[in-house]
Amino acid sequence: MLHPHIIKTLTATAFLMMAVALQGRVIEVCPECPVSSISEAIELAQPCDTVLVKKGTYSEGNILIGKDLTLFGEGNPILDGGGNSEILTIHSQFFHIEGFTIQNIGTSYTQDRAGIRMKESQNFTIKNNRLLDAFFAIYLEKSKDGVVENNFVLGQAENEAGSGNAIHLWYCENIIVKDNHLAGHRDGIYLEFVDNSRVTGNIAENNLRYGLHFMFSNDNFYHHNTFRNNGAGVAVMYSRRIDMFQNVFEKNWGAASYGLLLKEIHDSRIEQNSFLENTVGIFTETSNRLTYVRNTFAHNGWAMKISGGCQQNVLTQNNFMSNSFDLAVQIAGMDNNYDGNFWSDYSGYDLDRDGVGDVPHRPMKLFSYIVTRTPESIVLMRSLFVDILNFSEKVSPIFTPENVVDHAPKMKQTSGIAQGAETPGPKIDPAAKPGHSLTQNALTIK
Amino acid sequence: MKKLILPAVLIMLLASACSPTPQPVEFGADACAHCKMTIVEVPFAAELVSSKGKVFKFDAIECMADYLKDHAETEFAFQLVRDFNQPDDWQDAKTCSYLISDEVPSPMGAYLSAYATEAQAIQMREAKGGQVFDWENLLIYLK
């Protein structure tokens with residue numbers, strides 16, 4: 001007769017063993033262990049096992065994984081591609097990778113080599129990794145239901161042709177890209193044919209082309225990101241129903257640079273974003289039924305340039321503050337609504353004190369029209385001649401589109417400026433990669 | 001004689017300013033005349049030079065085709081693309097062969113690449129699959 005206490009203990013042990021069996025085994029990998037390479041561990045692993053990789057440098061070339069596993073790095077192990085190889089190629093239905101430094105992928109003009117490639121996979125998490133000097137860093141291909149979280153990606157792209165994207169999504173669905181810090185690549189985050197996905201809390205800076213780039217992707221949401229000092233800003237192109245909330249677009253300077261480039265975007269909302277110090281805050285072309293609400297445009301060359309084929313867009317409760325030009329509308333006859341914004345250079349008055357200016361405001365100046373037509377005329381900026389020109393046009397508009405007018409300009413600015421992602425998730429030791437040209441710059445942000 | 005030098009120089013300058021000449025693409029800085037994207041991928045860059053000498057650069061052959069469709073009334077002295085395998089120089093778009101293949105993604109989603117000769121296009125098709133076109137049929141197909 002067994003003591004009840006022993007029975008209890010035995011059952012508890014049995015349950016515990018079952019739990020362990022369900023969770024799978026743990027296979028340890030370290031340079032001195034019986035299993036000294038990751039490829040070997042993966043060969044040995046059964047579905048649901050955990051491969052625990054300890055501190056060390058592993059140069060195993062391209063590691064192919066076709067199992068459902070957890071790959072966990074302890075003490076920041078380094079996977080080195082030696083400059084001529086893709087590193088992890090994963091095809092799995094359940095996968096978790098965490099805690100690695102993946103480096104030296106090497107440029108290739110014929111292969112899109114990646115640090116971590118998920119191929120036709122689902123239910124995966126890519127978390128807390130560092131990817132240094134990658135061609136493509138994280139490449140998701142025909143995958144769905146995944147999370148890419150808290151990774152630090154730093155490339156050393158010098159020319160755009162010779163660099164890939166930090167996070168590249170191609171034919172994906174239901175992906176969350178969250179709290180990553182991306183710098184020194186061609187595009188920070190690139191999405192092509194990606195639906196129902198969310199991009200949030202990321203910082204993309206010092207990338208050669210775009211911080212974020214949507215192509216042919218519908219029903220996506222990006223919010224609370226910061227896009228700073230990228231070659232050409234953020235581009236959202238050929239897509240529908242993209243909601244853009246509370247992002248910060250700043251310091252995108254250059255002849256072909258925009259805070260946000262919208263081309264053939266329809267039925268989208270752009271709310272509570274900040275556009276600070278860009279050559280052009282928003283450039284939009286052939287984009288219909290967009291609403292721009294409570295955005296702040298400050299210290300840009302142009303706050304907004306609206307090119308041809310933009311219909312039924314609504315701009316309201318936005319703040320236009322100290323931009324060289326608030327609006328440039330290139331073509332007349334578009335039925336957009338500009339009522340109810342705050343314009344810092346509004347010179348009207350509010351006698352009845354209802355918070356709304358009593359005279360309409362014409363945000364598009366004649367000089368803005370002239371500069372759009374003849375860019376060289378910018379040298380006349382801030383001259384008396386231009387002031388006279390603008391004033392005469394204001395009195396009797398001839399050249400500027402007649403319907404670009406705010407009938408109810410606000411006397412006070414709308415409160416609430418987007419904060420973006422100011423506290424980057426990844427805690428990275430800046431000394432880890434000394435002498436890197438971009439490290440300093442990328443890590444000065446607190 | 002000396003009196004003639006200045007007018008001659010002026011005429012030469014004027015003539016050189018007006019004669020259409022192709023220009024190199026500054027990758028990473030030039031924007032596509034059609035889609036406004038920065039041009040980055042060398043093998044897919046394309047260029048039109050109007051008979052008045054104005055240069056239009058494109059990030060993809062499909063963008064150039066779209067632009068040609070939208071500007072049918074303009075005359076172009078040069079219609080240039082690059083060979084996918086040797087993308088360093090311009091090729092005449094009209095004499096090139098084209099491949100549309102799911103295995104060769106191009107910047108604007110048409111999966112379109114150019115080859116200097118039909119043999120090269122067919123060779124690529126053997127490796128990657130897809131369909132080969134000449135320039136005229138390509139323009140019809142893209143419409």
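Strand E5 (residues 97–100) of chain B lines up with E6(B) in the antiparallel sense, and 4 bridges hold the pairing. Strands count as paired here once DSSP finds at least two bridges between them. Within this pair, Tyr98(B) sits opposite Ala114(B) in E6(B). Strand E6 (residues 112–115) of chain B sends Leu112(B) and Ala114(B) one way and Ser113(B) and Tyr115(B) the other way, and all of them are buried. Buried means that 20 or more other C-beta atoms lie within 10 Å of the residue's own; 12 or fewer makes it exposed, anything in between is partly exposed, and the C-beta atoms are placed from the backbone.

A word on the model itself: it is predicted, so local features need pLDDT of at least 70 and side-chain atom pairs count only at pLDDT 80 or more, while totals for chains, interfaces and linings use all residues. Residues are numbered from 1 along each chain as its sequence is written, with chains lettered from A and ligands numbered from 1 in the order in which they are written.

Zooming out, chain B has 4 helices and 7 strands, and read from the N terminus they go α-β-β-α-β-β-β-β-α-β-α. These elements are DSSP runs numbered from the N terminus, with helices (H or I) of at least four residues and strands (E) of at least two. Of the 143 residues in chain B, 38% are buried. Take the contacts in chain B between residues at least 6 apart in sequence: 58% of them link residues at least 24 apart. A contact here means two C-beta atoms, placed from the backbone, within 7 Å of each other.

Chain B also has an open sheet of 4 strands, ordered E2-E1-E3-E4 with antiparallel pairing. Strand E2 (55–58) and strand E4 (90–92) of chain B are at the edges with a single partner strand each, so one side of each has no neighbour in the sheet. From one strand to the next, the twist averages 25°, an angle taken between N-to-C directions on a scale from 0 to 180 degrees, using axes that are lines fitted to C-alpha atoms (for helices, over the stretch in contact). Strand E1 (residues 46–50) of chain B is joined to E2(B) by 4 bridges, again antiparallel, and Val49(B) stands opposite Val55(B) in E2(B).

How do the two chains meet? On the chain A side 16 residues are in contact with 12 residues of chain B. Strand E24 (233–240) and strand E27 (260–266) of chain A each bring at least two residues to that side. Sorted by class, the chain A side has 9 nonpolar, 2 polar and 5 charged residues; nonpolar covers Ala, Val, Leu, Ile, Met, Phe, Trp, Tyr, Cys and Pro, charged covers Asp, Glu, Lys and Arg, and the others, Gly among them, are polar.

Asn206(A) has a positive phi of about 55° without being a glycine, and its place is the loop between strand E20 (203–205) and strand E21 (210–215) of chain A. Asn206(A) is buried, with 21 other C-beta atoms within 10 Å. Gln272(A), also not a glycine, has a positive phi of about 55°, and lies in the loop between strand E28 (269–271) and strand E29 (274–276) of chain A. Gln272(A) is buried too, with 22 C-beta neighbours inside 10 Å.
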